Amino acid sequence: MTAGGHERRWAIVILAALALLALLPLTAPRDDVLNFVFLILLAITLAESWNIVAGYAGQVNLGHAAFFGLGALVTRMLWTEGAPVLLAMAAGAGTATLFALVIGVAAFRLRGAYFAIGTLALGEILRTTVGNVLPEISTLPAATIASYRLTQRFYLALGLAAVSVLAVAALATSRLGLGMRAIREDEEAAESSGVGALSLKLTALALSTALAGLAGGLFAYYHISYYPSHPFGPHWTFDALLMTFIGGVGTLQGPVLGAILYIVLKEYLALRWVDIHLLIFGALFVGIVLLLPGGLVQAAERARGVLGGARRAA
Amino acid sequence: MSVLAQQLLLGLLIGGLYGLAAAGLSLVFGVMRVLNVAHGELIMLGGYGAFWLAALFGVDPFASLVLVIPGSLLLGALLYWGLFGFVVRAHEETRIKNSLLIGFGLALALHALAVRLWTADERSIPTSYGGAVLSVGELSIPLVRLATLTLALVLIGALQLLLSRWRWGKAIRATAEDWQAALLTGIDIRRAYLLAFALGTALAGAAGTLVTVAYSVSPSIGLEWTLKALIVVVLAGLGSMLGTFVGGLVLGLAEAASAATFGGPYREIVGLVIFVVVLAVRPRGLFGR
């Protein structure tokens with residue numbers, strides 16, 4: 001694997017870009033600009049967190065929304081009860097990880113589709129149940145709304161996106177990440193050369209769902225009012241999956257590129273045609289899985305290869 | 001007591017449809033090792049087929065099965081040629097993973113398309129016999145739901161017969177058992193895959209019709225039905241269609257019992273418990289024989 005240096009370079013580029021973004025609130029931008037960048041930062045966190053399990057450990061999580069939703073649910077409950085928001089978010093992430101490990105231990109002992117089925121079931125069942133048990137919209141108390149500061153949310157989102165990029169970069173260049181990729185490529189071969197597949201898969205899952213839980217906590221901290229079942233909605237899983245695959249699953253920069261492209265196009269398309277972006281992205285996604293499994297990153301590499309070949313030939 | 005019995009009865013009646021929904025998924029998964037998570041969206045399309053046949057041409061919803069089933073067979077063949085036929089070229093693990101991803105993309109696109117074409121409204125088919133109830137002691141049995149349970153059982157029986165008697169049915173079972181051996185004995189396994197996928201889609205279409213008659217259809221029912229079908233498949237294992245049907249009944253009953261014990265809002269939780277418990281108790285999983 002020569003990917004290490006490559007990924008380190010990308011990590012520096014992305015983190016530098018995020019550091020530049022930290023100056024954005026100082027230019028006193030309009031609120032909608034700040035909100036738009038916030039959405040991109042949240043999307044980057046969500047996509048990178050999904051990428052850890054799918055891209056490195058090779059497991060398809062079809063219920064990522066469950067972990068995002070659990071993070072949101074617990075954070076919102078504790079924070080509105082008066083706990084400091086960071087503590088509430090940590091508790092949310094912990095709850096998400098705990099649920100993930102219960103499903104993971106049951107499903108990962110077996111190969112194949114069990115993990116996908118289990119996570120899908122967890123997501124949908126929690127969404128329905130939370131919708132049934134907490135049907136009322138959750139709105140912040142008036143005092144909290146009065147002291148609401150968008151800039152705080154923005155910096156928290158920026159920090160979280162940086163943490164998720166750092167986590168994936170560290171994973172990609174470590175022995176841990178190497179072991180995960182070995183499982184992804186060939187689990188039996190990895191096991192026979194001494195890689196403990198189960199514990200590595202659980203590690204990847206714990207890291208991924210902790211980040212998803214934190215992202216959910218950020219959602220709960222950001223929104224003034226929403227239905228408690230909303231963050232459990234399957235579209236959070238769709239979003240993570242589409243962004244990661246469009247950009248390039250199993251790479252550091254892919255999900256970041258995918259998240260930017262996805263949010264920009266989604267917001268642009270939504271202005272004209274509500275929900276049509278789902279039809280377009282659904283079809284695009286199927287095409288990518290069948291024809292270009294490495295996403296945009298692979299497309300760029302191919303294009304560079306063709307150009308380089310042409311230059312050498314000339 | 002009679003309230004509980006009534007709830008369990010209704011659970012049993014919807015359980016038949018869970019079984020039918022799962023049968024198609026189980027057939028495709030068992031034969032092709034392809035997990036089509038857009039199965040619920042195929043059910044949704046079948047439901048809209050029945051709805052529009054009734055709304056536009058006044059076709060009786062039960063009679064519309066005669067048109068919805070062949071239509072779904074054709075749709076299944078098209079989806080196989082266009083999408084899932086490419087997936088089966090990969091080896092088993094990649095195949096399952098790619099089919100999950102493609103099914104997810106397909107589900108997303110079909111859902112968005114259905115909202116676009118038919119709006120997000122919930123639709124049902126009003127019939128003259130819709131309100132008829134059969135009273136047995138203190139229980140009242142809605143006749144339409146009883147009819148859907150019966151038809152589901154008939155369809156499962158027909159499928160079982162097809163798989164055990166028909167030449168290609170045997171080929172499908174042989175491919176499910178061991179595709180390499182099937183290939184060696186001269187079975188065209190690609191055609192067996194195509195037939196299995198088309199039959200699975202036809203079962204989804206039939207299930208969708210019955211769901212729409214007895215309950216209702218909207219673009220967003222897909223994921224819910226995919227999930228029910230998946231849980232039944234995990235519960236019942238692969239290989240026996242009748243077993244899958246019984247698994248559906250068990251899930252229906254378990255949900256009703258869960259709702260009666262913990263309250264209506266918690267009826268869905270039981271599915272998750274079934275998933276975790278089955279994997280803990282039967283650690284060899286679906287493919288263990």
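Reader: Is B:Arg33 buried or exposed?

Author: In this predicted model, B:Arg33 counts as buried, because 22 C-beta neighbours lie inside 10 Å and the cut-off for buried is 20 or more.

Reader: And where does B:Arg33 sit in the chain?

Author: B:Arg33 is in the loop of chain B that runs between helix H1 (2-32) and helix H2 (39-57). Its backbone deserves a look too: B:Arg33 has a positive phi of about 55° although it is not a glycine.

Reader: Ok, what about B:Thr119, what's its phi?

Author: B:Thr119 isn't a glycine either, and its phi is positive, about 65°. You'll find B:Thr119 in the loop between H4 and E1 of chain B.

Reader: Buried or exposed, that B:Thr119?

Author: Exposed: B:Thr119 has 11 other C-beta atoms within 10 Å, and a residue is called exposed at 12 or fewer.

Reader: Moving on to E1 of chain B. Which strand does it pair with, and in what sense?

Author: Strand E1 (residues 133-136) of chain B pairs with strand E2 (residues 139-142) of chain B, in the antiparallel sense, over four bridges. Within that pairing, B:Val136 stands opposite B:Leu139 in E2(B).

Reader: How many residues are between the strands of that hairpin?

Author: Two residues lie between E1(B) and E2(B), and B:Gly137 in this hairpin takes a positive phi near 60°.

Reader: Switching to packing. Which residues touch the most other members of the largest nonpolar core?

Author: B:Leu20 and B:Ala196 do, in a core of 203 residues. Helix H8 (residues 189-214) of chain B gives the most to this core, 17 residues.

Reader: What does B:Ala196 touch, if I skip residues up to four places away in sequence?

Author: With those left out, B:Ala196 touches B:Leu27, B:Val28, B:Val31, B:Met32 and B:Ile172.

Reader: Now the contact between chains A and B. How many residues come from each?

Author: Chain B puts in 38 residues and chain A puts in 36 residues. On the chain B side, helix H3 (65-87), helix H4 (92-118), helix H9 (221-236) and helix H11 (269-281) each supply at least two residues.

Reader: Which one gives the largest share?

Author: H4(B), with 16 residues of the side of chain B that touches chain A.

Reader: And by class, what's on that side of chain B?

Author: The side of chain B that touches chain A has 29 nonpolar residues, plus four polar and five charged ones.

Technical notes
Residues are numbered from 1 along each chain as its sequence is written. Chains are lettered from A and ligands numbered from 1 in the order in which they are written. This is a predicted model: local features need pLDDT of at least 70, side-chain atom pairs count only at pLDDT 80 or more; totals for chains, interfaces and linings use all residues. Two residues are in contact if their C-beta atoms, placed from the backbone, lie within 7 Å. Ala, Val, Leu, Ile, Met, Phe, Trp, Tyr, Cys and Pro count as nonpolar, Asp, Glu, Lys and Arg as charged, and the others, Gly among them, as polar. Two strands pair if DSSP finds at least two bridges between them. A nonpolar core is a set of buried Ala, Val, Leu, Ile, Met, Phe, Trp, Tyr and Cys residues joined through C-beta atoms within 7 Å.
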